[in-house]
Amino acid sequence: MPVTSPHAEPTALQFQRRRVMALAARATLDELRGALAALEAPDAVDLRPIETGLVMLRGRTGGDGAPFNVGEATVTRATVRLPSGEVGFAYLLGRDAARARAAAILDAMAQRIGPKTIADGALAGVRDRLAAEDATAAARAAATKVDFFTMVRGED
Amino acid sequence: MRDTKMADLSTPTSILSPGLPEAVREAQSVFRSLMMALARPGTVRRIAVPVQSPGNLSPAATAIALALCDFETPIWLDEDLSSDEAILRYLRFHTGAPVTPDRGKAHFAFVSSGTQMIDFDAFSPGTLEYPDRSATLVVPVDELEEGRGWRLTGPGIASESRLLAGPLHPGFVTALAENRLLFPRGIDVVFVSGDRIAALPRTTAVEV
């Protein structure tokens, strides 16, 4: 397995796998279970018990400045293995062990049948719901938009 | 549509098996077995936790690694063990411990057999200020029995105890004797056989 820097540009495959996990992170338990049922996902083994803990979130001033610690967030992680050997990982915000486990199985399935198949197949409903919600939020914000323009003052 | 085969993601070359299902309780149980084995040299104890050991790492050796190794304890593996991808994957995933090729840096050393000559001097015996910074050597044996074999004396043993461990390289007992002279420095040896362990701390004198 080649070791790549976490800051390297993701490959197309990694990009798609991240998309699956980005969707899984915001999906409800019912949506995740529905996706697994649609994929006919097999029973998975827990490689380590599902755990809830804290992770330190880091930020950068202005998005690209000096890194600093924003604060800690509660996450629940699950690691599962499919009978065929794929290992799936999920770290989800919050304390919901069932959601973390379902997301981890989805990650393992993504490695088995391809992440794009899942992001645009079993998770298409989640993708569309999130896109609609984001569009609504953006539209609400856009309605309050004010255009400022200033006269050129000559000096400066 | 199927994506292309994921060579750059975690393609399983060997199937990873689960670690301890109840890590805290079971690691404590392994720790206690090991502590008692070191406190009473020559006694054989059973490690009573369910482990699915990878490759030809013994269940007891696996349990010791799961209970005691983490990111702060570099592990050294002999050529046999370190060439097994299943063992490397297992230790990396479940313990997070770095596997080092440098024996002198290792806190724990696992070998595949005691019949090869093990160079005790290559491992860290700790320092006079910090004798605890020494290596622990885990040696698998086929036979491990108390009550017969070597005569052991030293701290933790009322008069004498007997331990049979083998097969081992003929130079092993000499190496143990030289190791004892380094006290308070020196390495500690743990014998494992299946799910049983016995230990020879650096203080124990061994007579054949």
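Two strands count as paired if DSSP finds at least two bridges between them; strands (E, at least two residues) and helices (H or I, at least four) are DSSP runs numbered from the N terminus. The model is predicted, so local features need pLDDT of at least 70 and side-chain atom pairs count only at pLDDT 80 or more, while totals for chains, interfaces and linings use all residues. Residues are numbered from 1 along each chain as its sequence is written, and chains are lettered from A in the order in which they are written.

Strand 2 of chain B pairs with strand 3 (residues 108-110) in the parallel sense over 3 bridges, and B:Trp76 has B:Ala109 of strand 3 as its bridge partner.

Turning to chain A, helix 1 (residues 12-26) has 15 residues. Its buried residues (20 or more other C-beta atoms within 10 Å of their own, with C-beta atoms placed from the backbone; exposed means 12 or fewer, partly exposed in between) include A:Leu13, A:Val20 and A:Leu23. The face of helix 1 of chain A turned away from its buried side carries the exposed residues A:Ala12 and A:Phe15.

Contacts (C-beta atoms, placed from the backbone, within 7 Å) can be followed from B:Val138, which touches residues including B:Ile64, B:Phe108 and B:Ala109, not counting residues up to four places away in sequence.

How values were computed. The expected span of a helix is 1.5 Å times one less than its number of residues. Two residues are in contact if their C-beta atoms, placed from the backbone, lie within 7 Å.
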